[in-house]
Amino acid sequence: MLVRRERKYTLMFRIVGPNDVKVLKKISHWNARVEKALGGVTQDYGEDGSSAASSWRRKVEGDDSSEAGSEVSSVSTSSTLSSSVGAVLRRGREMLPSAGKVRMRRATPTPRLRRRRDGDDGGGDSAGEDGYSSDTIPMTMENLARLQLSLDVGGEGGGSAAPPSIGELHGDKKKRRGEGAALALGIDESSGLGQVKPMKPKDELLEVIRGLRTEQMRAREAIGTAEVGGRNGNVLDEIKSNFTPKAEIPSAVPKLPIEYIHRHRLMKQVVNCLLDRATGPRDTDDDTPFANNITCITSRHSDKAGNGKTTLAVAAIQTVEVREFFSDGIAWIHLGRTALSEREVRRLYEQLYDQLLGSEEDGGEDDNVGGREDDDDDNASNSSSDSSGDEKKDNDSNGRKDPIEKGISNVSNSSSENKLTLSRRHFQGGELEGMKEDLGRLLISRRVLICLDDVYKMEDAKWFLFGTQSDGYNKLEDTPHRVLITTRIPGLVGPGITHEVFVRIFSEHEAVKLLLTAAGRRPNGLPKVSPVFAQARIIVKGCGNSPLALRIAGGMLRSRNRNWTLSSPAWKLLVEQCRSSLEEASRIRSFANSVQRLIDLSFATVTDVDFRDVLRECFVAFAMVFHDTDSLKVGKGISRAVVIRLFAVVSSMEGGRSPPSTVNDEEMADFMDYATLILDTLETMNLVQRAGHGLSKSLAMSRLDADGINNVTNTNHSNHKCYSMHESIKAIAEDMSKRKTAAFAPLYDDFNSFIEKNDVIPEFPGRPFPFDECMVMMLTGQVAEMAEAIQNSLYERWNIEEYVTENMPLHLFRAKMIEKASAILVDQDFCTRRVVALGPIEATRRHVSDLIELRRAHTNLKESSSDDLDLNIVDVIQKASTCIIDEVIRQSQDSRKSVNIAICLSTMGEGLIKARQPRDASHRLEEAASLYRDLLGQVHIDVARAVNALAKSLVKINETRSALIRFGEASSTYEDCNASHHFDSIANLQGMANLFVTSGDFQAATALYENVISRKQTVHGEFSVATAKTINDCAIILAKNGRMDDALVRYEKARKTYERALVGRPLSMSWLNHGESAAKCGFDLALINLNIASIKSKKGDVAGAVTAYNIGVQGLRKYRDDLDLAGDEAGRNKNSSHMRHLVSALGRIGSLKLKQGDKNGALEIYASLFKEVDTVESPTVSRLEKAKAHIKCATIYRQSGDRDDNKHAIIHLREALNMYTDLYGKNNKDTVAVATSLKQWEEEQNARS
């Protein structure tokens, strides 16, 4: 139905509910009137410009059967048309952006419009913004009446006469008005209505109307035309028959901005790529077949932040076409700039599962073991194959077989509880590759869309590319699921495997419209010759046409004065700053600094200096305090109550950096009100934004509903707000935090027009701003109690409680309050609050993460501080782990034997292994394995995982025999579960083989490794990177245990497998074929060559070692060049692993050439080594290698006996002495030895001279 929303003329789709029967006929009647009024807009136009409907009308009017009453019929028809059509179109035109006095087209068209209208070809006309083409008669009130008569109102010949209209009741007056309009237009009414050129609608409106009519015709054909058209026809049946399930939009999807500018062509490009449509506009650079599963939204203007890539993706996934096509679900995952850790990948996997498959779970955290039978074929726990040997596929080009047909799956008991256990357990522990394999089997057979937002590195995105050849599948394009990526790096994934849609910058008209809309003005009808448009063009160019920069500029104007004018100070400052930014961009050829300068200008326009300083500090504090919290990363945002508390304590800082000594209740209330004003101001300035796609229920509101508290008097709509910050704005705020000035004020710059050169910017030489100390102060202590008394609604208290229990230890770690953090983690009251607020599983996982971080923070503090910490870290970890587990058991509503408790025990056990507490971990994992057996039976995938984790903990405490038994037990369970080819099963066998090598049983180890390699070949192919890595791992273990001959054979085989896997494959397909970049594969191959060279040198094969070393050095240098080409800073980082390997390999080549007697070759190698090592940035190992190379060069020159060579020898030895002195000091024995030799050589040189 047609509705009005934000002054837009919108066709809305409404899902009919059971209570909508009464209004169905009203909706149907309104839709019929709309279609009747717009009946001619979808018809083809004739050569004379008239529609088919108009031609039909002329035919009817010229019929002999209507000659007698032609005059009466004409009057009646005109009256009927002007009444029915006019009523509908007047109601519809009021919904258009040109409604009222906002936009009126002048009566006399411009010469360009007149020429365009008089031309024969109207195909090149650009559509108007009101839904109709600009080549029609101008939309004035006088012309509208005549244009309405040009529309086809339908009519059925021979039907009953229509009831009298208003025009017939007032015929004379209406007729005179119609004659006046006809004379004004210069049209003779006797010539017929078809001579008037009808209005042409926009392409978008045509597509929607055609789609609606097609669906209506299909629906009528499905249920029968007679039933619908008859008196007993049911409109509900017509609508129901055409219902298509649609995916829900997850709450993690960002909200579309209020100033959203729709770009139809870009939207169609994205939708066509996602829906595998071979037609439609495409802005891509590749000629690949239109069957790729990955669509990448990027931009050719990577220097401009906020080009609208995320906004385009959000708008595309909300279209009805996309939601219907991906009816099984849509997921939104935000990756960001920083590299993902293992814990973050697990969290994102759980988020992905909740968005796509969480609705299929049977009720939250219910531990009902005796569930019904579950026949879900899509679940990985029940995806076992009936025959593992009958249905096998032929090998592909790499000799790999399809693992799905070979029964490679994890089998469990078919019950709803097992499905629940699967969904929880997969993301708590185990190997990441195993989790990806399980999740991939659940998703690749479904019509799901996975959106990866703000991707910077493919190392992060690869964890969410399911169904690739690196995962053991034949072809990615055979799966119905799709991936949508937004990135500012063109060609990130590869042009051969993705559809890249390039987001163009805004046109001048679109940019001005966005600027004025964000500034609180209505841009409709603004002429291009107006002063506002002329000066707005300067602002648009200075912002680089960036939507983000334009929204910030508009927010600045709106926050200063909503009724701003061209003479307002804020407008003048904005125009001047944009001129400066445009000049800077012309010099540096980039708009990289434009957003930064606009943000500084936004604060500079605040007239109150104190409020300006506090506003800037709160802005920076938001980015610094919440930048790594899970709530912000998953798109949930930070609750309004939490943000207000932070801003309150920041505004109360004395001297800008010190917390207040004493605060009473009245002062705290004033600070809270002040913080509310600050937050609202930042939101108006578009520096912080509302988080989430819609108003989704938080955990706090769910708790209130669960407790039956539905009427909370102190809870209003504003309390439900959660806030986030744009990634680019957050990066700018983090850069601002590094400033040494008071309140992070900017310094004078040639392109900061709002700062005079003589302005004094006070610097603050003291301690850095205590961001996390402020957050700790507002979460605990007396100040927090006063704030809680002010924020007295239950919803606000639950939000604060949820944030405290989730993030309090994190802020204590960052504030370096290690002792206080350890005291909280062992506090029984805090553990109780954490389990109540977060639930048992999430509370245990969060506690484990905090314990690991506590161990890391304690180690770093001990290394950096000379004071001894009075803290027994081992005792703290033991007490904290016991405390949280006891609390989970105490709050368990069932007995001690529940799946929740088993998951918590296994999570705690695996976390204790990472916290270097293997003995305590073995006890917890033993309890978890026993509990899993009692609840799920012996043959279950989770039992095998728990036993495997127990075996790893036993290896850590040197319980080799017990560990081998546990590895064998886990392997048997995997076999019984028909999961022998699962990643976890293969990893379990490989761990057992490594343990056999360590214990000295090489025969058993060799047999197991052959089994592991065979399974890898079955899953990934004989010549694959995964198989080569497994062979290489076997060689490394053998070399460490002195089995050099066997290790050399394995290394040679791994190298050949790598070369066969990489040959003939396009580099852009490396991520899908091998799970990593082609550069990384080349780096691994270079390391294999270095290992081969090392073994050959030990065996005395000097020539073979030199050859292998040279090949390895070439591979390392190519890897460095690839990193430089990709813009990775690690390419030239002297401390990176590939640079250390390169320096070491060059040193070994030089030594081997000396053994061969090739002194000149050795000198050339050492000369190249000197260029690779920097005396400042390079690590100690590389600098020591350079010092040794200087000594060897000095020895070579010394042995020649020539006078010039002796001078070179002394120079090299002097360099070596300087480096040894810097590394070890003057008193070191090596330094003394070099100094003595240098002194002796210099004396000999002086004696000769």
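Rings of Phe, Tyr and Trp (its six-membered ring) pair if their centres lie within 6.5 Å; planes under 30 degrees apart count as stacked, over 60 as edge-to-face and the rest as tilted. Ring pairs join Tyr 349, Phe 464 and Phe 466 in a cluster. The model is predicted: local features need pLDDT of at least 70, side-chain atom pairs count only at pLDDT 80 or more, and totals for chains, interfaces and linings use all residues. Residues are numbered from 1 along each chain as its sequence is written, and side-chain values use heavy atoms, without hydrogens and water.

By the ring rule, the count is 13 aromatic pairs. The Tyr 349 and Phe 466 rings have centres 6.5 Å apart and planes at 40°, so this pair is tilted. Tyr 349 lies in helix H14 (residues 342–356), and Phe 466 lies in the loop between helix H17 (458–461) and E6, 117 residues apart. Helices (H or I, at least four residues) and strands (E, at least two) are DSSP runs, numbered from the N terminus. Tyr 349 and Phe 466 are both buried (under 20% relative accessible area, with a 1.4 Å probe and protein chains only).

Phe 626 and Tyr 803 form an edge-to-face pair, 5.9 Å centre to centre with 80° between the planes. Phe 626 belongs to helix H23 (residues 609–626) and Tyr 803 to helix H31 (residues 794–814), 177 residues apart. Both residues, Phe 626 and Tyr 803, are buried.

Charges also sit over rings (NZ of Lys or CZ of Arg within 6 Å of the ring centre and within 35 degrees of the ring normal). The charged end of Lys 462 is 5.2 Å from the ring centre of Trp 463. For Arg 1060 over Phe 1023, the distance is 3.8 Å.

How values were computed
Buried < 20%, exposed > 50% of the residue type's maximum accessible area, 1.4 Å probe, protein only.
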